[in-house]
Amino acid sequence: MRTTHAFWQRLPASALGGGIVWLALVASRLAGLTRLTLIDLLFLLAPLTIAPLGLALITLDERLPQVLLTAAIRVQPIGAMLAVVAFLLPIGLPAAILATAWLLVCAIAALGALAHLIQGRSLHPERLATAAAVGFMAFGAIWLVLSRAGVAPIGLSPIIVEMTAVHFHFTGFAATLMAALLLVRLRQDRGTARSISIAAALLLVAGSPVLALGWATPIRVLQVAGAILVATGVVATAAVMFFRGASLVESTAARVLLRLSALAPLLPMVLAIEYSAGHVFGFPTLDIQGMALIHGDLNALGFSLLGLIAWSIGGSADRETGAQRLALRFRST
């Protein structure tokens, strides 16, 4: 008979260690020992915990992509700790140089995902969503470096630059990766759940770039369109996770976490659409701090963190064995 302890042992050691470091950072902020903001803390959850959880759920069958992915996983703790130090330093060149270490980790993983996509010669939604998820995280890491350097391009405010880094690590990486995991788990399904999952994955792949274009170009309506695409993709992914949880993961604990994760993004996604529409059309909306408190916390701690923990500890509902319990594998796609 398996124990709950055995389930938690499936979590990557780097994610567990990162979680302890993150809690220490939160405690230090509450004690007044650091000046980290809520948005800073939300971002740091990504390299410390979200990234090691997510990357450990990916296995690429081709040799070069897997070598690159493994290299990224091995250096991830170093990149994450240097990112922490970058936030403890004042904004400027030294902080940006340290943040570049996290960009390097993400770039290595993204090269592996890109090689996997190219070598597979397929844009199957499973492959595409996985490659996009890792690519989004690398794109977010670029904005991290800009943020720590104090660079605010195309007229954006510094806080929006940092929020862009946050978005592409959580909604970009974590949410899109969970959509890919759904597709793998439902590979043999021919019903509505798989159709919804495919649509959700494609919406997430398209949504974040459209949202970014809305902020980067004069076509502000793209902000609203991108927010709707992303919100629809996240909610659709969450709905399948909630209603099909029993067929997705094996353990009871994982099923509970998966369903709690699925409930978390409902309010945040409504707020995301409302915030983008308010910014474009000028009606009153939550300020950025309110968005960070409600949207950011529920999305990061609820949907992303709980969801990836559930996928990590859950095993496979069809009782696969060994390291392939929840790895993304693509031999047949």
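**Reading the helices**

Guide: The buried residues of α4 pack against α2 (13–30), α3 (38–56), α5 (93–120), α6 (125–149) and α7 (158–185). Helices are DSSP runs of H or I with at least four residues, numbered from the N terminus. This is a predicted model, where local features need pLDDT of at least 70, side-chain atom pairs count only at pLDDT 80 or more, and totals for chains, interfaces and linings use all residues. Residues are numbered from 1 along each chain as its sequence is written, and side-chain values use heavy atoms, with hydrogens and water left out.

Visitor: Which residues of α4 are buried?
Guide: Buried means under 20% relative accessible area, with a 1.4 Å probe and protein chains only. In α4 they include Pro-65, Leu-69, Ala-72, Gln-76 and Phe-87.

Visitor: Where does α4 bend?
Guide: A bend is the angle between axes fitted to the seven residues ending at a residue and the seven starting there. α4 bends by about 45 degrees at Val-75. Pro-77 follows within four residues.

Visitor: At what angle do α9 and α11 pack?
Guide: Axes are lines fitted to C-alpha atoms, for helices over the stretch in contact, and angles run from 0 to 180 degrees between N-to-C directions. For α9 (residues 221–243) and α11 (residues 252–263) the angle is about 150 degrees, and the axes lie 8 Å apart. The two are therefore roughly antiparallel (over 145 degrees).

Visitor: Which residues make the contact?
Guide: Contact means heavy atoms within 4.5 Å. α9 brings Ala-238, Met-241 and Phe-242. α11 brings Leu-258, Arg-259, Ser-261, Ala-262 and Leu-263.

Visitor: How far apart are the axes of α6 and α8?
Guide: They are 10 Å apart, at an angle of about 35 degrees.

Note on methods: Buried < 20%, exposed > 50% of the residue type's maximum accessible area, 1.4 Å probe, protein only. Parallel < 35°, antiparallel > 145°, perpendicular 65-115°, else oblique.
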